[in-house]
Amino acid sequence: MLHSRLLHYIDEVARLGSIRAAGARLHVAPSAINRQILLLEAELEQPLFERLPRGMRLTPAGEALVAHIRQTLRQYRETVTDIRDLRALGSGEVVIATMTGLASSVVATAAASFRARHPQIRISIRTMSTLDIVGAIENSEADLGLGFNIPASAQLEVCWQMNTRLGVVVSPHHPLAPMDTVPLAQCTPFPLIFADRSMVIHGIVAEAFTNAGLDIQPAFHTNSIETMKRLAMSGDAIAFLSEFDIAEELRDGRLLFRQVRDAFSLNIISLVRREKHAHGLAGFLLADEIGKTLRPGASARDGGRGSGPAVEGFAEGAVVGEGQVAGDG
């Protein structure tokens with residue numbers, strides 16, 4: 001075993017309140033169990049058990065240690081189960097709920113890489129709004145959820161999280177392309193591509209222009225991220241998206257991403273799953289693959305000239321409270 005027999009000794013003594021009873025349960029001489037406990041108490045320089053006339057009772061130090069022991073034993077059993085499940089990983093399905101821009105970039109890349117190693121696993125990618133992602137996870141209709149500014153929920157566990165700004169998305173030949181960062185005011189002479197009002201990203205972008213005192217009339221409205229990208233590629237039009245929305249186009253050099261100097265400071269991308277839910281190993285492994293694809297340095301660059309990743313450091317697994325909402329849903 002990967003852990004000491006002593007963990008089992010202490011756990012059983014705590015459960016049964018007796019070294020003799022623990023020895024009988026474990027088929028170990030009581031003297032051997034007592035000796036190991038005494039050695040550990042000497043090492044810790046404090047007792048773990050009170051020796052009573054009719055049994056053993058945990059001290060506060062013992063209670064703290066037993067809590068750790070039981071967590072360790074539980075994690076060990078779960079790990080052994082996962083290792084055994086590797087042999088049965090040749091079948092099954094993982095369902096991920098996400099947004100359209102992420103589905104066609106990050107999720108597609110991670111899913112293709114994952115399935116190359118596990119060809120018998122079926123992956124279902126479903127696009128939906130932020131609130132629908134939360135509902136799908138809470139109702140166990142999806143194993144994983146990936147989206148922008150997913151609201152906090154007691155039923156959701158955050159696997160991975162990062163702050164990525166929205167920014168200006170233009171073709172490589174656009175007049176703003178040589179700039180490292182773009183003031184919002186310099187976008188106004190060009191045709192602007194806005195998400196329509198059915199998408200939460202519309203309010204974020206519109207509010208940024210209002211706060212900057214800029215009166216604008218967008219040339220295009222659409223509820224399709226793909227349409228936004230194609231419009232931006234076709235000429236001088238400007239879209240406002242995250243770097244992850246255009247990962248493939250960045251990699252191919254068809255679009256560039258430029259940070260906006262005076263707007264879009266917060267845009268949280270989160271990978272979530274159901275809290276305290278029996279997750280399959282395939283779901284865990286796909287979550288890890290998505291995390292690798294999302295990590296800083298994994299996203300595409302614009303040829304080494306410009307802003308780099310639109311990412312501000314955000315603790316992995318940190319929980320974000322309610323706040324500004326963006327994304328493409």
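Contact here means heavy atoms within 4.5 Å. The model shown in these views is predicted.

**View 1. Helix H6 and the strands that cover its buried residues.** Helix H6 spans residues 130-138, and its buried residues are Thr130, Ile133, Val134, Ala136 and Ile137. These residues lie on the same side of H6, because they cover an arc of only 165° around the axis. An α-helix has 3.6 residues a turn, so residues three or four places apart point the same way. The cover over the buried residues of H6 includes strand S3 (93-98), strand S5 (144-148), strand S6 (156-164) and strand S13 (268-274). After H6 comes serine 140, with a positive phi near 60°.

**View 2. Strand S12 and its pairing with S7.** Strand S12 covers residues 256-260 and is mostly covered, with five of its five residues buried. Strand S7 (residues 166-170) pairs with S12 in the antiparallel sense, over four bridges. Within this pairing, valine 169 is opposite phenylalanine 257 in S12.

**View 3. Strand S12 and its pairing with S8.** Strand S8 (residues 181-182) and S12 run parallel and are joined by two bridges. Threonine 181 has glutamine 259 in S12 as its bridge partner.

View 4. Valine 170 counts as buried because its relative accessibility is 1%, where the cut-off is under 20%. Leaving out residues up to four places away in sequence, valine 170 touches Ala177, Ala232, Ala237, Ile238, Leu255 and Leu256. Of these, alanine 232 is 62 residues from valine 170 along the chain, and their C-alpha atoms are separated by 5.5 Å.

How values were computed:
Residues numbered from 1 in each chain as written. Predicted model: local features only at pLDDT ≥ 70, side-chain atom pairs only at ≥ 80, totals over all residues. Heavy atoms only, no water. Buried < 20%, exposed > 50% of the residue type's maximum accessible area, 1.4 Å probe, protein only. Pairing = 2+ DSSP bridges. Arc of directions from axis to C-beta.
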